[in-house]
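Student: I keep getting lost when I look at a protein model. Could you show me how to read a few features?

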Amino acid sequence: MMLRFLVLFLTLASCRESYKMAKAEYNYTVDSARASLVRQEDTIIFGLIERARFPLNSPTYNQSYTSIPQFRGTLLDFLVRHTEAIQAKAGRYINPEENPFFPENLPPSVVPRYPFSQFLHPAAAMININNAIWKLYFDELLPMFVASGDDGNYAQTAATDLSLLQAISRRIHYGKFVGEAKFRESPQGYEPLIRAKDKGALMKLLTYESVEEMVVKRVKKKAMVFGQEVSLDRDVKGITYKVDPSVVSLLYQKWLIPLTKNVEVEYLLNRLD
């Protein structure tokens, strides 16, 4: 019963957030895309804080722990696949800003279609790097900010993992929209490089180091503000955080920003097809 409640809660919350984001940004520009990325920082940081409430809870990711009838995989796999199936029926993946982790055999939406913007080139639908995101999350990021241990809250752990994974995926795949907005702003600068399939030159053209440095500093500051432990005890000395702000800045510097740019380049390489 608890697992079903978590799946339903995630579905309603995620679809509502996606609906508001898409409606608010019907006309994409470089400025509106950047504004969306700034707002997504809050979602990601709060997602990190929520996941850090629980220890690692390794049985969540251990196939030998689960014995679910007619299902082979971990508890996390089970929750993600079934949540995505419900969210697909509720229309989440009609939104071009959303990319499922298990896109194979997702059921069609059963709700009326919202007229989302046809801003992207059709080739965008073929770009999905969630496999790489999944691997870096569990192999590299998760051990950096959660404590070791086991408190038995495996379903809740999987639910917070999925919520954070979806936020990270949305941010990285938003590179499609950033790439399209930059292309429309300066097609004469991008078209020769696209025709030449020059990945290095495209990466250099779309990179703004000063903007990236500002993003890294901003998310660290946000993590310090959002994640600060608050106490009314005057005897408490020093400041502690629910998630180390340096982990948040490293997440953006090492993974989110580079992967977003990789998506931009991959999208642009197919922009003229």
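Predicted model: local features only at pLDDT ≥ 70, side-chain atom pairs only at ≥ 80, totals over all residues.

Student: Fine. How do I describe two packed helices?

Tutor: In general, you give the angle between their axes and the distance between those axes. The crossing of α4 past α5 is right-handed.

Student: Which residues of α4 and α5 make the contact?

Tutor: On the α4 side, look for N130, I133, W134, Y137, F138, L141, L142 and F145. From α5 come D161, L164, L165, I168, S169, I172 and H173.

Student: And how do the residues of that contact divide into nonpolar, polar and charged?

Tutor: There are 11 nonpolar ones, three polar and one charged.

Student: What about α2 and helix α9, at what angle do they pack?

Tutor: About 45 degrees, and the axes of α2 and α9 (residues 209-226) are 10 Å apart. Angles under 35 degrees would count as roughly parallel, so here α2 comes out as oblique to α9. This crossing is right-handed.

Student: Who is touching whom there?

Tutor: α2 brings V38, E41, D42, I45, F46 and I49, while α9 brings V215, R218, V219, K222, A223 and F226. Sort the residues of this contact and you get eight nonpolar, no polar and four charged.

Student: Now the loops. Where does N57 lie?

Tutor: You'll find N57 in the loop between α2 (30-51) and α3 (75-89).

Student: Is N57 buried or exposed?

Tutor: Check the relative accessible area: buried means under 20%. N57 has 0%, so N57 is buried. Its side chain reaches the backbone nitrogen of D151 at 2.8 Å. Setting aside residues up to four places away in sequence, N57 touches G149, D150, D151, G152, N153, Y154 and T157.

Student: How does F71 score on relative accessible area?

Tutor: F71, which lies in the loop between α2 and α3, has a relative accessible area of 22%. Exposed would need over 50%, so F71 counts as partly exposed.

Student: Which residues is F71 in contact with?

Tutor: Ignoring neighbours within four places in sequence, F71 is in contact with D77, F78 and R81.

Conventions: Residues numbered from 1 in each chain as written. Heavy atoms only, no water. Left-handed = near helix turned anticlockwise from the far one by under 90°. Helix = DSSP H or I, 4+ residues; strand = E, 2+ residues; numbered from the N terminus. Contact = heavy atoms within 4.5 Å. Nonpolar A, V, L, I, M, F, W, Y, C, P; charged D, E, K, R; others polar. Buried < 20%, exposed > 50% of the residue type's maximum accessible area, 1.4 Å probe, protein only. Polar contact = N/O pair within 3.5 Å; in protein donor to acceptor, adjacent residues only side chain to side chain. Axes fitted to C-alpha atoms, helices over the stretch in contact; angles between N-to-C directions. Parallel < 35°, antiparallel > 145°, perpendicular 65-115°, else oblique.
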